[in-house]
Amino acid sequence: MDAIIVDPRKTTPEEMERGMRDVKLIFTINQTMPYTEEYNNLVKELFGDNLGDGSMVMPPLKGVCFDRVKIGKNVMIMPDCLMMSRGGITIDDHAMIAANVQLISNNHDLHDRQLLICKPVHIGKNAWIGAGATILPGVTVGENAVVAAGAVVTKDVAPNTIVGGNPAKFIKNIEQ
């Protein structure tokens with residue numbers, strides 16, 4: 001998968017306005033009582049049409065570029081999720097994201113640290129990302145896969161498998 005290089009020094013006024021809007025929305029979401037109509041409306045405003053029916057995002061939420069996040073149906077995202085979304089994040093139906101998970105779709109260039117190297121993150125259908133796990137740019141977590149708590153995932157995770165550790169390694173297959 002090819003990386004997209006983004007130079008934040010060349011941010012357009014529209015991108016700047018959208019970023020400021022997201023910061024304000026995130027602040028408000030993180031100060032609003034969950035499970036209320038006000039909270040649900042704010043989350044819907046942040047993610048727009050990219051939030052599937054029955055999905056829940058618990059506060060606090062952190063990150064950037066929420067217009068590049070696509071969340072399927074019946075997804076549960078627990079508190080303190082960090083979504084660095086410049087490269088795009090897709091979370092398929094019925095996935096579960098535990099507390100303190102980091103979904104990172106961008107990183108800085110080693111030579112010009114102002115440049116962002118962006119690759120999408122994809123969490124497959126019915127996948128479960130354990131508490132405190134980090135998913136790095138360009139990683140796909142396959143359908144029904146489990147990422148153990150605290151794992152740092154640097155490579156794709158096959159469907160129906162469990163991975164854990166730093167860097168994450170195969171632990172076992174999940175019996176069908």
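Is Asp22 buried or exposed? Asp22 is buried, with a relative accessible area of 5%, where buried means under 20% relative accessible area, exposed means over 50% and partly exposed lies in between, computed with a 1.4 Å probe on protein chains only. The model is predicted, so that local features need pLDDT of at least 70 and side-chain atom pairs count only at pLDDT 80 or more, while totals for chains, interfaces and linings use all residues. Residues are numbered from 1 along each chain as its sequence is written, and side-chain values use heavy atoms, with hydrogens and water left out.

**Asp22 and its surroundings**

- Asp22 has its place in helix α1, residues 13-30; helices (H or I, at least four residues) and strands (E, at least two) are DSSP runs numbered from the N terminus.
- Not counting residues up to four places away in sequence, Asp22 touches Leu46, Cys65, Phe66 and Asp67, a contact being defined by heavy atoms within 4.5 Å.
- The side chain of Asp22 also meets that of Arg21 in a salt bridge at 2.8 Å, N to O, a term that stands for a side-chain nitrogen of Lys or Arg within 4 Å of a carboxyl oxygen of Asp or Glu.
- The two partners fall into separate accessibility classes, since Asp22 counts as buried at 5% relative accessibility and Arg21 counts as partly exposed at 32%.

**Other salt bridges**

- By the rule given above, the count comes to six salt bridges.
- One of them joins Asp7 to Arg9, with the closest N and O atoms 2.8 Å apart, and Arg9 counts as partly exposed at 48% relative accessibility.
- Another is formed by the side chains of Asp49 and Lys44, at 4.0 Å from N to O; here Asp49 is exposed, with a relative accessible area of 75%, whereas Lys44 counts as partly exposed at 39%.
- Through salt bridges that share partners, Asp7, Arg9 and Asp112 are joined into one network.

**The five-stranded parallel sheet**

- Five strands make up an open sheet with parallel pairing, in the order β3-β6-β9-β14-β17, where two strands are taken to pair if DSSP finds at least two bridges between them.
- Strands β3 (61-64) and β17 (152-153) stand at the edges, and because each has a single partner strand, one side of each is left without a neighbour in the sheet.
- Within this order, β9 (residues 102-104) and β14 (residues 134-135) pair in the parallel sense over two bridges, and the bridge partner of Leu103 in β14 is Ile135.
- Strands of a sheet pair through backbone hydrogen bonds, either parallel or antiparallel.

**Strand β18 and its partners**

- Strand β18 (161-164) is joined by two bridges to strand β16 (residues 146-147), and these two run parallel; the bridge partner of Val146 in β18 is Ile162.
- With β19 (169-173), by contrast, β18 pairs in the antiparallel sense over four bridges, and the bridge partner of Gly164 in β19 is Lys169.
- β18 and β19 form a hairpin with four residues between them, and Gly165 in the turn has a positive phi of about 100°.
- Thr161 and Val163 point one way from β18, Ile162 and Gly164 point the other way, and all are buried.
- In a regular strand the side chains alternate between the two faces of the sheet.

**Backbone features in loops**

- The peptide bond from Pro59 to Pro60 is cis, with omega near -5°, and Pro60 has its place in the loop between β2 (56-57) and β3.
- A cis peptide bond is also found from Asn166 to Pro167, with omega near -5°, and Pro167 lies in the loop between β18 and β19.
- Tyr35, in the loop between α1 and α2 (37-47), has a phi near 65°, a positive value in a residue other than glycine, and Tyr35 is exposed, with a relative accessible area of 60%.
- Asp80 likewise has a phi near 65°, again a positive value in a residue other than glycine; Asp80 has its place in the loop between β5 (76-77) and β6 (81-84) and counts as partly exposed at 26% relative accessibility.
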